[in-house]
Amino acid sequence: MKSKGSDSQREKVIVIPCSGIGKAFGSISRDATYEIVDNLRKDVTQTLCLALLVSGDEESLQLVRNNKCITVDGCPLQCAEKKVKLAGGNLAGSLRVVDAYKENRHLKPRSVTFLDPDGQQMALALAEKIAKKVDDLLEGH
Amino acid sequence: MADAQEKKVGIISCSGEECVEGTISRVATRLVLGKLRPNETVTICLPLFLAGGKEEREFATDYPTITVDGCDKMCAKIATERYSGKPASSIVVTDVTGNWYCSRLGPRRKLDEESQAAARKVAEKVAHEVDEVLERWM
Amino acid sequence: MNEYYRTVYDKFELLVRIGFYYTKDDLWVSIENGQAKVGVSDYLQKTSGDVAFIEVTKAGSTVEKGKELGTMESAKATIALLCPISGRVDKTNDELIAKPELINSDPYGKGWLAIIAPSNLDDDLRALLSADDYYTLMLQKLQTEHEKLESR
């Protein structure tokens, strides 16, 4: 597997979604994260697998401890936030999909496996919020 | 009807954000749940399971599980063994697709045709394992 | 002594609080010092999904049994909550404004919706279901759901 350290040496924000498989909001957390790390802020962010923190993967643990992290959770249980904190990660921000939903109440995402148009729109709205948080963190706020 | 005597298998998929095999694992699991074996399976949300979700852990302790991992780091299998017990079966997507490493540079967000075909193949394998597990359980 | 009747559906444990009264629309009523505390059942919160917004008729208002007490909104659905008891709303649970998820995490406790000073308590309670009867109804609802899924 390609080493995480071979990504750019400049400061990066690590964006970690919960990716909960049972609810549409879990899929939205994942898709919003991809929108950030593959598109909106691709040079200054990366993601990692949440489960690697729990299985004790040393590279992943060092990554979250040495960089600012933003978690993106699909439900109030906030599994991503909890696990990053437990791993001793540098948690600099926590967002929830419901935060995007509250500003977009007309959107009713239903599909979990592949996001429907409402789900895709909500993911984009959430990604904008994450992008703003990334910018704030990189500016030192 | 709605009690612990009903035979069900818990499917635990890795979340695998970093590579396309993680997405394949996830999609394959959803295909099993939604289409191939909807009455025989239940999904266990891995992040919730890891975070101590009571229902997830109790189900995985009381019922047989099948783990589906994107790569040979096998996070879902390791977590299941740690918190609930040895899964009845474990599948690794890279074994099914024939990749020998996790292809992080692949289209991990929206599966292309090749990856969708891989997801269907993995789903069929999982469904087959579900049948075997239930048969052993009878 | 058991506080709840329990059943398991898929991986979910569903609880019915013993000692409370229930409506067929899955609201509960608990009588404390002559006042009626109202909330949604575990079955309703589980089938509705994560609650994002809750709106309840404000304190001081008169409410009528069977009429809308409020609405509960998740990404899945917006549900009208029909009042189980007639009377005056004395208090609403303001914690739910910032934390509507309390309805999901503690539907019979911290997720309560309103406290009502009843105007017709005896008659209204007679029309409600006991915990035993509601448990039976809940199992029937689950069976119907199960049959719908099987026939897909």
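In the predicted model, 29 residues of chain A are in contact with 29 residues of chain B. Contact here requires C-beta atoms, placed from the backbone, to lie within 7 Å. On the side of chain A that touches chain B, α1, α2 (50-54) and α4 (79-86) of chain A each supply at least two residues. Helices (H or I, at least four residues) and strands (E, at least two) are DSSP runs, numbered from the N terminus. The largest share of this side, five residues, comes from α1(A). By class, the residues divide into 15 nonpolar, seven polar and seven charged. Ala, Val, Leu, Ile, Met, Phe, Trp, Tyr, Cys and Pro count as nonpolar, Asp, Glu, Lys and Arg as charged, and the others, Gly among them, as polar.

This is a predicted model, in which local features need pLDDT of at least 70, side-chain atom pairs count only at pLDDT 80 or more, and totals for chains, interfaces and linings use all residues. Residues are numbered from 1 along each chain as its sequence is written, while chains are lettered from A and ligands numbered from 1 in the order in which they are written.

Chain A also meets chain C. Nine residues of chain A are in contact with five residues of chain C. The most come from α5(A), with three residues. The side of chain A that touches chain C holds seven nonpolar, no polar and two charged residues.

Chain C has five helices and eleven strands. Its radius of gyration, taken over C-alpha atoms, is 15 Å, close to the 15 Å that the globule rule gives for 152 residues, so chain C is as compact as a globular protein of that length. The rule is 2.2 Å times the number of residues to the power 0.38. Along the principal axes, the C-alpha atoms of chain C fill a box of roughly 45 × 30 × 30 Å. Of the contacts in chain C with a separation of 6 or more, 59% are between residues 24 or more positions apart.

Three strands of chain C form an open antiparallel sheet in the order β6-β8-β9. Strands pair if DSSP finds at least two bridges between them. β6 (51-56) and β9 (78-82) of chain C stand at the edges, each with a single partner strand, so one side of each lacks a neighbour in the sheet. Five bridges join β6(C) to the antiparallel strand β8 (residues 68-74) of chain C. C:V51 stands opposite C:S74 in β8(C).

Notes:
Contact = placed C-beta atoms within 7 Å.
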